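Hi,

Here is the structure I promised to pass on.

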Amino acid sequence: QVFLVESGGGLVRPGDSLILSCTAPGRTLKDYTMGWFRQALGRDREFVAVISKDGENRRYAETVKGRFTISRDHERDTLYLQMDSLKPEDTAVYYCAARTAATDTPDYCTTDIGAYGNWGQGAQVTVSS
């Protein structure tokens with residue numbers, strides 16, 4: 001089990017930017033396929049962005065493509081989600097997730113929420129004027 005911690009959430013205005021970070025205290029993230037998911041009030045948790053172990057393969061939900069960027073820094077053992085041009089509909093709790101399957105190739109990633117077995121506690125992002 002990997003204990004994940006998100007940080008960087010907050011209240012911003014439409015059009016603003018925000019960056020979320022995810023770490024695993026005492027652990028390295030470099031061996032895990034990682035992703036960001038979100039859950040708005042009254043809705044199911046949904047895929048936002050995922051990234052392969054080597055950082056070369058990334059996928060984005062259509063609703064955030066061109067506005068959000070997922071990245072990882074192996075030296076800092078940190079996963080990031082840069083969110084630009086935020087909209088009120090981006091308001092949600094954002095979760096960091098890790099997939100620890102040793103069989104994943106370095107360039108593998110999946111958008112299947114069920115494929116991720118380790119989750120953070122979530123970070124609230126509210127976009128409102």
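In what order do the 4 strands of the open sheet come? The order is β1-β3-β8-β7, with antiparallel pairing. Strands here are DSSP runs of E, at least two residues long, numbered from the N terminus, and two of them pair if DSSP finds at least two bridges between them. β1 (5-7) and β7 (68-73) sit at the edges with a single partner strand each, so one side of each has no neighbour in the sheet. On average, neighbouring strands of this sheet are turned by 20° against each other, direction ignored (axes are lines fitted to C-alpha atoms, and angles run from 0 to 180 degrees between N-to-C directions).

A word on the source: this is a predicted model, where local features need pLDDT of at least 70 and side-chain atom pairs count only at pLDDT 80 or more, while totals for chains, interfaces and linings use all residues. Residues are numbered from 1 along each chain as its sequence is written, and side-chain values use heavy atoms, leaving out hydrogens and water.

Back to the sheet: β3 (residues 18-23) and β8 (residues 78-83) pair in the antiparallel sense over 5 bridges, and L18 stands opposite M83 in β8.

Now the cysteines. There is 1 disulfide, meaning a pair of cysteine sulfur atoms within 2.5 Å. C22 and C96 form it, with their sulfur atoms 2.0 Å apart, and the link is left-handed at -70° about the S-S bond. C22 lies in β3 and C96 in β9 (residues 92-99), so the pair ties together parts 74 residues apart in sequence. Both C22 and C96 are buried (under 20% relative accessible area, with a 1.4 Å probe and protein chains only). C109 is in no disulfide, and the nearest cysteine sulfur, that of C96, is 15 Å away.

Cheers

Note on methods: Buried < 20%, exposed > 50% of the residue type's maximum accessible area, 1.4 Å probe, protein only.
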